[in-house]
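Thanks, everyone, for making the time this morning. I would like to talk through how the parts of one protein pack against each other, so please have a look at the model before I go on.

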Amino acid sequence: MSAVPNDVPALTADGPLVSLRDLNVAFHAPGKVIRALNGVDLDVARGQTVALIGESGSGKSVTLRTLMRLHPPRRTRVGGSILLDGRDVLAMDAAQLAACRGPVVSMVFQEPLLALDPVYTVGAQMVEMMRRHEKGLSREAARARALALFERVRIPSPRRRLDAYPHEMSGGMRQRAMIALALSCNPKLLLADEPTTALDATVQIQILLLLRELQQELGLSIIFVTHDIGAAAEIADRVAVMYGGRIVEQGSMAQLLRAPRHPYTLALLRSRAHGAMAKGTRLQTIAGSPPDLAALPPGCSFADRCLLALDACRAAVPAMAPVGPGHAARCIRLDQTHAQEPASA
Ligand SMILES: Nc1ncnc2c1ncn2[C@@H]1O[C@H](COP(=O)(O)OP(=O)(O)OP(=O)(O)O)[C@@H](O)[C@H]1O
Ligand code: SF4
Ligand SMILES: [Mg+2]
């Protein structure tokens, strides 16, 4: 069994597996500061799948990468806190982080070709990863475990495929191999950044079903990034809608689909319901553009695109307000969004 880095003291023994509080990320570029995350609060319970949805540039991938501390440290300012399995991720040194990546948290990317090492077979990468994290594990035992994982993710002819290079596999098979690699060290948390977007529709659904099965079987927590609300509905228990580096609405999948309250969520769901966003397409059908993260307005960053906007919306960033059990939205006109027509799921 892989060892969790025990030199990093757990601050809490139980509670959510992931707890982000007031997470801020700013990238310092020549002449500007890109404020990619602006006060993100998010909890992921043990064994829960949370989908992050939102338009391009809303901060979904930055949230995942920051959780794994994968940013260039010199140009990036990170504020707030990240607790992962009770441990303070922002306080970890390089060795502690390396010990976490694999046994605690692992990531599946949209394009496995960019994430897998092209010069090693997938089997060799899995064996290497397992042996790095588990002292005394023999090469043979690691290979047997890799084979079992290839079988589990239903890669055909798994013994032969273990010795294949990433470019020798089809897109769907490569994503299965990437999932097997990500599960090599029995992580508690899987971060999946648009894992099905590059695949054709039939393969997409197979990979989603596989992720759901694995989540239930292994008791994994998953943060699943997608542009596709249909994909989120297949797999997620909860959803956080991101806009301009903030979470603007959060709730259970059912609450978001049946009773969305933030005007942005309503607009997203309407564009889908009206066929403008067929399954698998990107969420870019709302008139207007996302805010410039290098010049964020002082108030609600959706104001320029919102049909309900008032002058008061532009004065200060609205706080998250509860609208139901475990359901909250960041808008000062929630009294006006009751009457909105719910989207068809
Ligand atoms: N290393 C970086 N340096 C500068 N800006 C960055 C960096 N990484 C991300 N950004 C900016 O941060 C913002 C959020 O990016 P992010 O990748 O999280 O968006 P996203 O929601 O994942 O979008 P997409 O759906 O297109 O993947 C974008 O404006 C992006 O250009
Ligand atoms: S705060 Fe105002 S501008 Fe922002 S979403 Fe609500 S109504 Fe629209
Ligand atoms: Mg992204």
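How many residues of domain 1 are in contact with how many residues of domain 2? Before I answer, a word on the conventions: this is a predicted model, in which local features need pLDDT of at least 70 and side-chain atom pairs count only at pLDDT 80 or more, whereas totals for chains, interfaces and linings use all residues. Residues are numbered from 1 along each chain as its sequence is written, chains are lettered from A and ligands numbered from 1 in the order in which they are written, and side-chain values use heavy atoms, with hydrogens and water left out.

The answer is that 13 residues of domain 1 touch 10 residues of domain 2, where contact means heavy atoms within 4.5 Å. Domain 1 is made up of 18–92 + 191–201 + 219–337, and domain 2 is 105–186, with the bounds coming from an automatic or database domain assignment. Their centres, taken over C-alpha atoms, are 31 Å apart. Between them the two domains bury about 1,000 Å², 70% of it on carbon and sulfur atoms; buried area here is the accessible area (1.4 Å probe) that two parts lose on being put together, summed over both.

Let me turn to the helices, which are DSSP runs of H or I with at least four residues, numbered from the N terminus. The axes of helix H4 (residues 122–133) and helix H7 (residues 171–183) come within 9 Å and cross at roughly 15°, the axes being lines fitted to C-alpha atoms over the stretch in contact, and the angles running from 0 to 180 degrees between N-to-C directions. H4 and H7 are therefore roughly parallel to each other, a term for angles under 35 degrees. The residues in contact are Val122, Gln125, Met126 and Met129 on H4, and Ala177, Ala180 and Leu181 on H7.

H7 also packs against helix H8 (residues 201–218), at an angle of about 15° and with the axes 10 Å apart, so H7 and H8 are likewise described as roughly parallel to each other. On the H7 side the contact is made by Gly172, Gln175, Arg176, Ile179 and Leu183, and on the H8 side the residues include Val203, Leu210 and Leu218.

Finally, H4 meets helix H5 (residues 139–152) with axes that come within 9 Å and cross at roughly 120°, and H4 and H5 are therefore oblique to each other. Among the residues that make this contact are Met126 and Arg131 of H4, and Arg139 and Phe150 of H5.

Terms used. Helices (H or I, at least four residues) and strands (E, at least two) are DSSP runs, numbered from the N terminus. Angles under 35 degrees count as roughly parallel, over 145 as roughly antiparallel, 65 to 115 as roughly perpendicular and the rest as oblique.
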